[in-house]
Amino acid sequence: MFDTITRRRSDVATKNRVLTAFVAVLAHLAILTALVLVPLWYFTPALPSPSQIMAFVAAPPLPPPPPPPPPPAAAPSRQARHEPVKATPTADRFTAPIEPPSRIEPEKLADARGTTGVLGGVEGGIEGGVVGGIVGGLSSALPPPPPLPAPPPAKPAPVRIGGQIKAPALISRVDPVYPALAQAAQLEGIVILEATVGETGRVESVKVLRSVGPLDAAAIEAVKQWRYSPLRLNDRPTSFVLTVTLQFHLANRPT
């Protein structure tokens, strides 16, 4: 009996605890809901109500254009209709005949000696003409072009004196003037020059082969005034090249 009373009290206490917990949970939920909804209710501004609703209506798009009509059907050809093709005869003499002739006639050749020109020539040509010639011939023959002038003969290169070619006689010789500067410096030496003599025997150019400084100008100036007899080869005057040596000494005049 004591056990039964104890169990009843325990069951009653357990039910009381569960009920208390359930009530506490409901109370907490109510408090949280009030804390969330009250600020939203008082502090959220009211949304303005639209005064007028505007509707935009767009025109419907235009319908696409109708497709083009189909092309007219072509007329069937003769081959499609299985009709025979008829050959049209032509009057051209160069066209091969379709039907064989009944007889073959000999060809009529024109007289080559007549006034109608040679056989195969142009109709109305001249007797004795040439096949493929010009109708009526040339009215006037053009004169032949004048002959081109002959190019001038090339000038032969100067020959060098030596061997079988001997130097012509020296007609006029001019001694060089000893430069005063070379005399003051007691300068001596041998100047070797190469002179090119023209067809008339006059010295045209001088080139120094061996130089002695201040003495070169005096030697060149003197040799340019020399004159030789014209050199003739094959009975023609020819220019030539020879070597000239001038020796300068202080004791006497240069030679």
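## Salt bridges, sheet and aromatic pairs in a predicted model

In this predicted model, Lys207 and Glu194 form a salt bridge in which the closest N and O atoms are 3.4 Å apart. Lys207 belongs to strand β4 and Glu194 to strand β3, so the pair ties together parts that lie 13 residues apart in sequence.

A search of the whole structure finds four salt bridges.

| Glu194 | Lys207 | 3.4 Å |

**Overall architecture**

The chain contains four helices and eight strands. Along the sequence, these elements follow the pattern α-α-β-β-α-β-β-α-β-β-β-β. Of the 255 residues in the chain, 15% are buried. Among contacts between residues at least 6 apart in sequence, 62% join residues at least 24 apart. The accessible surface of the chain is about 22200 Å², and carbon and sulfur atoms account for 64% of this area.

A nonpolar patch lies on the surface, with about 1200 Å² of accessible area together. Its members include Leu19, Phe22, Val23, Leu29, Val36 and Leu40. Of these residues, Val36 lies in helix α1, which covers residues 2-43.

**The four-stranded sheet**

Four strands form an open sheet in the order β1-β8-β3-β4, with mixed pairing. Strands β1 and β4 (203-210) stand at the edges with a single partner strand each, so one side of each has no neighbour in the sheet.

Strand β1 (residues 159-160) runs parallel to β8 and is joined to β8 by two bridges.

On the antiparallel side, strand β3 (residues 189-197) pairs with β8 over nine bridges. Gly189 has Phe248 as its bridge partner in β8, and Ile190 has Gln247.

**Aromatic pairs involving β8**

The structure holds two aromatic pairs. In the pair of Tyr178 and Phe248, the ring centres are 5.5 Å apart and the planes stand at 80°, so the arrangement is edge-to-face. Tyr178 lies in the loop between β2 (170-172) and α3 (180-184), and Phe248 lies in strand β8, so this pair ties together parts 70 residues apart in sequence. Both Tyr178 and Phe248 are buried.

Tyr228 and Phe240 form an edge-to-face pair as well, with 5.9 Å from centre to centre and 90° between the planes. Tyr228 is in strand β5 (residues 227-228) and Phe240 is in strand β8, so the parts tied together are 12 residues apart in sequence. Tyr228 is buried with a relative accessible area of 7%, and Phe240 is buried at 0% relative accessibility.

Ser239 occupies the loop between β7 (236-238) and β8 (240-248). Its relative accessible area is 7%, and because buried means under 20%, Ser239 counts as buried. Apart from neighbours within four places in sequence, Ser239 is in contact with Pro156, Pro158, Val159, Val197, Gly198 and Glu199.

Val223 lies in helix α4, which spans residues 215-223. Val223 is buried, at 1% relative accessibility. Leaving aside neighbours within four places in sequence, Val223 is in contact with Leu193, Ala195, Val203, Val206, Val244 and Leu246. The C-alpha atoms of Val223 and Ser205 are separated by 9.4 Å, although these residues are 18 apart along the chain.

Note on methods
Residues are numbered from 1 along each chain as its sequence is written. This is a predicted model: local features need pLDDT of at least 70, side-chain atom pairs count only at pLDDT 80 or more; totals for chains, interfaces and linings use all residues. Side-chain values use heavy atoms; hydrogens and water are left out. Buried means under 20% relative accessible area, exposed over 50%, partly exposed in between (1.4 Å probe, protein chains only). Contact means heavy atoms within 4.5 Å. Accessible areas come from the Shrake-Rupley method with a 1.4 Å probe; for residues, only the protein chains shown count as cover. Patches are made of residues with over 30% relative accessible area and no salt bridge: like charges are joined within 9 Å, nonpolar side chains (Val, Leu, Ile, Met, Phe, Trp, Tyr) within 5 Å. A salt bridge is a side-chain nitrogen of Lys or Arg within 4 Å of a carboxyl oxygen of Asp or Glu. Rings of Phe, Tyr and Trp (its six-membered ring) pair if their centres lie within 6.5 Å; planes under 30 degrees apart count as stacked, over 60 as edge-to-face and the rest as tilted. Two strands pair if DSSP finds at least two bridges between them.
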